[in-house]
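Please view the sequence and the model together before reading on.

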Amino acid sequence: MPATFDPDRFQELLDTRTLGHPTVYLASTASTQDVARRRAQGGAAEGLLVVADQQTAGRGRQGRRWVSPPGTNLYFTLVLRPRASELATIAMACPLAVVEGIEAITALKAGIKWPNDVLVNGKKIGGILVDSELEGERVHHALAGIGVNVNFDPRSQPEIAEIATSVMAASGQKASREELLAAILGRLEAYYLSSTANDVFDAWSQRLVHMGDDVTVHSSSGELVSGRAESVNADGSLVLLKRDGERVTLPSGQMAAAS
Ligand code: BTN
């Protein structure tokens, strides 16, 4: 299996009508979010995919760095043009598509840590960053940025070695990045363009791994809130039952870390 991403092979495997049409492939860029933002601001249609073999300044949520070495993982951003009411569905559809894509091409079982981290064996294998630009009530564009650790050895990055995994680390086998990307986009298109919001919510909530557990999450004011993860609402928010009996609802937009 070649170490470099093969854009032609990916196009042969891609079975979508909108997502990935067209695809912009870059051997190296600072962040695919930045390239996609410039294209979206310049009028790119829904479906444009920016995929890079390496990111030199990959970003995670809450200002964190996203480790993006060359020749190993998937780093990509899709330009979407949703209605404001579809943003919550996108935030659920992205991790679902990654979970199902991984399960389609490997024997691994994956799950979602609220709201949208993808886990395998309790460790993070994929992350989602959705940046939206609004014009009043209207969404100008949403940038769905997805990183998946594929053929990467987490031990090579001491800062995340304990909390991260990859397809190769979890399964013992290298996987095709082209095949995995095509599988993820196929599922994302089905959830985003052909499913109801209710169906996406049901599928997403069934994949959440910490429901019923004691978790700690960041509130919107940045403080940590602990409690039992009781339920999720259709907008993606999490209901926590605190030890003092108070119930709090945390919007998924907070992108909190559950443990
Ligand atoms: C997270 O913190 O879990 C979100 C990680 C999102 C990483 C992806 S990789 C492709 C896109 N480009 C970036 O700079 N970030 C996202």
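By about how many helical turns are Phe-201 and Trp-204 separated in helix H6? The two residues stand three apart in helix H6, and the separation is therefore about one helical turn. The model discussed here is a predicted one.

Phe-201 and Trp-204 form an aromatic pair, with 6.0 Å from centre to centre and 45 degrees between the planes. Phe-201 and Trp-204 are both buried.

## Packing of helices H3 and H6

Two packed helices are described by the angle between their axes and the distance between the axes. For helix H3 (residues 87-105) and helix H6 (residues 197-207), the angle is about 55 degrees and the axes are 9 Å apart. H3 and H6 are therefore oblique to each other, and their crossing is left-handed.

On the H3 side, the contact involves Thr-89, Met-92, Ala-93, Pro-95, Leu-96, Val-99, Glu-100 and Glu-103. H6 contributes Ala-197, Val-200, Phe-201, Ala-203, Trp-204 and Arg-207. Ten residues of this contact are nonpolar, one is polar and three are charged.

## Aromatic pairs and a ring cluster

In total, the structure contains three aromatic pairs. In one of them, the ring centres of Phe-5 and Tyr-25 lie 5.5 Å apart and the planes meet at 20 degrees, so this pair is stacked. The pair links distant parts of the chain, 20 residues apart: Phe-5 belongs to the segment before helix H1 (7-13), and Tyr-25 to strand E1 (residues 23-26).

Phe-5 has a relative accessible area of 5% and is therefore buried, whereas Tyr-25, with a relative accessible area of 26%, is partly exposed. Phe-5 and Tyr-25 also belong to a cluster that ring pairs build together with Phe-10.

Arg-177 is located in helix H5 (residues 177-194). Its relative accessible area is 4%, so Arg-177 is buried.

Apart from neighbours within four places in sequence, Arg-177 touches Ala-3, Thr-4 and Phe-5, as well as Asp-53.

## Backbone features in loops

Pro-115 is found in the loop between strand E4 (110-113) and strand E5 (117-120).

Gln-62 is not a glycine, yet it has a positive phi of about 55 degrees. It is placed in the loop between strand E2 (49-52) and strand E3 (74-80), and its relative accessibility of 43% makes Gln-62 partly exposed. Asn-121, likewise not a glycine, has a positive phi of about 50 degrees. The loop between E5 and strand E6 (123-135) holds Asn-121, which counts as exposed at 65% relative accessibility.

How values were computed: Residues are numbered from 1 along each chain as its sequence is written. This is a predicted model: local features need pLDDT of at least 70, side-chain atom pairs count only at pLDDT 80 or more; totals for chains, interfaces and linings use all residues. Side-chain values use heavy atoms; hydrogens and water are left out. Axes are lines fitted to C-alpha atoms, for helices over the stretch in contact, and angles run from 0 to 180 degrees between N-to-C directions. Helices (H or I, at least four residues) and strands (E, at least two) are DSSP runs, numbered from the N terminus. Angles under 35 degrees count as roughly parallel, over 145 as roughly antiparallel, 65 to 115 as roughly perpendicular and the rest as oblique. A crossing is left-handed if the near helix is turned anticlockwise from the far one by less than a right angle, and right-handed if clockwise. Contact means heavy atoms within 4.5 Å. Ala, Val, Leu, Ile, Met, Phe, Trp, Tyr, Cys and Pro count as nonpolar, Asp, Glu, Lys and Arg as charged, and the others, Gly among them, as polar. Rings of Phe, Tyr and Trp (its six-membered ring) pair if their centres lie within 6.5 Å; planes under 30 degrees apart count as stacked, over 60 as edge-to-face and the rest as tilted. Buried means under 20% relative accessible area, exposed over 50%, partly exposed in between (1.4 Å probe, protein chains only).
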